[in-house]
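Biologist: Hey, could you walk me through this one? I'd like to know how its parts sit against each other.
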Amino acid sequence: MAAVTKSRRPTLAVWKFASCDGCQLQLLNCEDELIPLSGAVEIAYFPEATRAVVEGPYDVSLVEGSITTPEDLERIQQVREMSGRLITIGACATTGGIQALRNFADVAEFRSVVYAHPEYVSTLERSTGIAEHVRVDFELRGCPIDKNQLLEVLAAELQGRRPRVATHSVCVECKARGNVCVTIAHGTPCLGPVTQAGCGALCPTFARGCYGCFGPQDSPNTASMAQVLSRHGMDEPQIVRLYRTFHAAAEAFREESERHEAPAGTPRRTS
Amino acid sequence: MVANPVVDPAAGVAPGDDRTVDLTGLQTLIDVLAGRGYAVLGPVVKDGSIDYGPVRKVSDLPVGWGDEQAPGSYRLRRRDDDMIFGYANGAQSVKPVFFPASEVIWRGLRDAEGAVVPRREQHDEGPYAVVGVRSCDLHALGIHDTVLLGRRFADASYAVRRADAFVVAVSCSDPAGTCFCVSMGTGPRPTAGRGAPFDLAMTELLDATGHRFLLEAASERGVEVLREVGGRIADERDRSDAASVTESAVGRMGRWLDTEGLKDLLYASADSPMWDEVADRCLSCQNCTMVCPTCFCTDVEDVSDLAGDSMQRERVWDSCFDSQHSYLHGGSVRRTTKARYRQWMTHKLGSWIDQFGTSGCVGCGRCIAWCPAGIDITEQAAVLREES
Ligand code: SF4
Ligand code: SF4
Ligand code: SF4
Ligand code: SF4
């Protein structure tokens with residue numbers, strides 16, 4: 001974006017699609033940085049935080065959530081039109097989120113089981129990320145996003161520079177933090193080698209394996225990873241579940257999860 | 001070869017300066033170092049491995065612990081004796097002590113007129129005394145001295161930390177299954193004049209008569225410290241017992257790397273199918289380079305706050321397994337894991353020799369043990385040799 005002068009603060013809008021609000025909450029969790037943030041941008045549309053609404057267009061839009069309904073399909077186009085720059089936040093907006101588990105199942109069937117009046121529920125067959133529908137300027141990963149990364153992305157936007165958001169594995173952060181690897185030293189399965197950094201290796205720091213909140217790293221060898229997981233005691237259904245947690249529909253994770261699904265011959269759906 | 005810029009002031013050190021102490025003397029050594037103003041670091045048990053941490057008492061050290069290492073696996077094990085340095089090595093070498101994973105190298109603040117005013121960085125940690133540095137890691141430290149200090153613009157913070165540090169190296173008695181220092185000529189016993197300079201070499205001797213630590217001075221500072229520590233003058237029995245410890249360790253190396261003509265072999269193997277096979281297993285996770293005591297690649301990153309009033313530049317570890325490591329205008333040169341593994345191994349065991357005059361591998365075995373996929377550099381080299 002163009003260089004920003006203090007006389008007119010750029011406007012920021014925050015939009016929600018199918019999601020849990022956790023990523024927006026990370027913005028509110030910025031606490032100490034909220035005042036400098038409101039000095040740097042005009043928070044023009046953020047229903048989670050304020051009722052005040054400034055009419056669009058907006059300089060920067062943050063979009064949380066995935067596209068799951070016919071209405072979403074239209075609304076995301078409007079958001080795109082109203083936004084100078086569009087940044088998605090979180091796993092849902094990136095690859096469809098946990099709700100993308102529906103991509104592997106028959107939506108009509110479980111809709112009829114779950115709801116008393118399934119005919120009132122209008123929903124799409126698949127949950128998809130924002131970039132499948134409109135042009136996205138930057139995707140910030142995480143379930144939820146990391147607030148420091150969010151501030152870094154916003155600072156980079158304001159200053160017209162590249163955000164410092166790495167696309168390598170969680171292992172890099174894990175080692176930089178001085179952790180002892182939970183897989184090597186304890187035999188605990190960990191998805192860190194194929195997962196993108198961003199959380200600061202939160203789970204391994206507390207002696208747990210990584211769950212893959214930030215989705216695939218830029219060079220994910222998910223097949224070799226599956227062998228490592230299995231060597232450390234995970235059976236096939238566990239491997240499927242690990243790949244199908246927060247980024248079930250991410251290409252690399254989806255494909256690998258399908259390779260470990262029920263034996264050949266069992267009917268299954270692909271997304 | 002580029003000379004090691006950290007000069008070893010070992011002149012005037014005589015074998016008569018060497019001492020032998022018992023457990024109480026080991027405690028005295030720690031106390032003397034602390035008394036001289038050093039932050040004393042030594043091996044401590046941490047989260048199922050061994051790491052360098054602050055040490056005040058002998059009991060802080062890994063008394064009675066050993067390790068089992070294999071490709072993709074590290075386990076601490078209880079020894080059936082009270083050896084203190086009876087493990088082979090830990091999750092990291094001394095690399096993070098002298099060359100941390102990230103370091104602010106420049107900071108700037110905007111003043112009222114909008115100009116950026118640089119701030120000098122202060123390094124208030126240390127000076128460190130590091131107890132328990134293995135011979136392989138000492139050689140790696142020597143490589144870092146050459147690389148980080150020998151170049152035109154030396155790493156300023158590294159230079160300060162290294163110049164002030166007191167190093168107590170230790171002889172290995174129980175190599176791990178992943179160790180291969182003997183084939184690299186880097187261990188298992190610290191030798192003055194080889195690898196980075198150090199101040200004292202320690203050999204732990206434990207038999208029916210109890211614990212003895214042979215402390216050999218390798219610098220004038222080391223002699224001074226030994227004088228203060230006291231203990232008895234080392235005798236022939238201490239020396240011959242220490243020699244047998246080394247001899248037995250040499251005989252129990254976990255692995256072997258045939259280095260004969262290895263550089264040329266690697267140069268001739270750029271198109272080997274081995275690289276495809278290893279890339280099927282390699283996760284491009286970077287663990288190998290993060291734990292390698294000689295890997296020195298870094299990136300420089302700039303960050304600024306929201307208002308753009310405060311900014312800093314950080315030097316962070318980088319890795320040839322990172323897609324961005326070879327990023328030039330328009331894209332990455334090494335797009336595939338195959339290209340990255342080939343770069344890593346060819347540099348480490350081959351072109352490093354052209355560049356710095358030594359191999360880039362000191363045989364510590366960490367890249368083997370700490371690789372989640374259990375990829376073994378010695379095995380990959382053997383595959384190339386079989387093919388040739
Ligand atoms: S604990 Fe997980 S994230 Fe950390 S180094 Fe090991 S595999 Fe990688
Ligand atoms: S060799 Fe092992 S540790 Fe190194 S990047 Fe490949 S999988 Fe990771
Ligand atoms: S290449 Fe592997 S064995 Fe050689 S020094 Fe590095 S980590 Fe140690
Ligand atoms: S490689 Fe040699 S010096 Fe290093 S820990 Fe193993 S035995 Fe000791």
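This is a predicted model: local features need pLDDT of at least 70, side-chain atom pairs count only at pLDDT 80 or more; totals for chains, interfaces and linings use all residues.

Biologist: Which residue forms a salt bridge with B:Glu103, and how far apart are the closest N and O atoms?
Modeller: The partner is B:Arg315, and the closest N and O atoms are 3.5 Å apart.

Biologist: How many residue pairs are in polar contact between domain 1 of chain B and domain 2 of chain B?
Modeller: There are 27 residue pairs in polar contact, with both residues at pLDDT 80 or more.

Biologist: Which elements of chain B supply at least two residues each to the domain 1 side?
Modeller: Several strands and helices do, including β4 (65-70), β5 (73-78) and α3 (135-149) of chain B. The largest share of that side, 9 residues, comes from β6(B).

Biologist: Back up a bit. Where do the two domains of chain B run?
Modeller: Domain 1 of chain B covers 15-250 and domain 2 covers 262-387, according to the domain assignment. Their centres, taken over C-alpha atoms, are 26 Å apart. The contact involves 42 residues from domain 1 of chain B and 37 residues from domain 2 of chain B.

Biologist: OK, switching to chain A. What are its domains?
Modeller: The assignment gives domain 1 (11-159) and domain 2 (170-259) for chain A. The C-alpha centres of these two domains of chain A lie 25 Å apart.

Biologist: How many residues are in contact there?
Modeller: In chain A, 15 residues of domain 1 are in contact with 17 residues of domain 2. The area buried between those two domains of chain A is about 1,200 Å², and carbon and sulfur atoms give 62% of it. A:Thr95, A:Phe104 and A:Arg141 supply 49% of what domain 1 of chain A buries against domain 2 of chain A, more than any other three residues.

Biologist: How many salt bridges does the rule find across that interface in chain A?
Modeller: It finds 0 salt bridges between domain 1 of chain A and domain 2 of chain A. The count of residue pairs in polar contact between these domains of chain A is 5, both residues at pLDDT 80 or more. Helix α4 (residues 91-95) of chain A gives the largest share of the domain 1 side, 3 residues. By class, that side of chain A has 7 nonpolar, 6 polar and 2 charged residues.

Biologist: One last thing: is B:Cys288 buried or exposed?
Modeller: B:Cys288 counts as buried because its relative accessibility is 13%, and the cut-off for buried is under 20%. B:Cys288 lies in helix α10 (residues 287-291) of chain B.

Biologist: What is B:Cys288 in contact with?
Modeller: Leaving aside neighbours within four places in sequence, B:Cys288 is in contact with B:Phe321, B:Trp344 and B:Cys367.

Key: Residues are numbered from 1 along each chain as its sequence is written. Chains are lettered from A and ligands numbered from 1 in the order in which they are written. Side-chain values use heavy atoms; hydrogens and water are left out. Helices (H or I, at least four residues) and strands (E, at least two) are DSSP runs, numbered from the N terminus. Buried means under 20% relative accessible area, exposed over 50%, partly exposed in between (1.4 Å probe, protein chains only). Contact means heavy atoms within 4.5 Å. Domain bounds come from an automatic or database domain assignment. Buried area is the accessible area (1.4 Å probe) that two parts lose on being put together, summed over both. A salt bridge is a side-chain nitrogen of Lys or Arg within 4 Å of a carboxyl oxygen of Asp or Glu. A polar contact is a pair of N or O atoms within 3.5 Å; within protein, one must be able to donate a hydrogen and the other to accept it, and residues adjacent in sequence count only if both atoms are side-chain atoms. Ala, Val, Leu, Ile, Met, Phe, Trp, Tyr, Cys and Pro count as nonpolar, Asp, Glu, Lys and Arg as charged, and the others, Gly among them, as polar.
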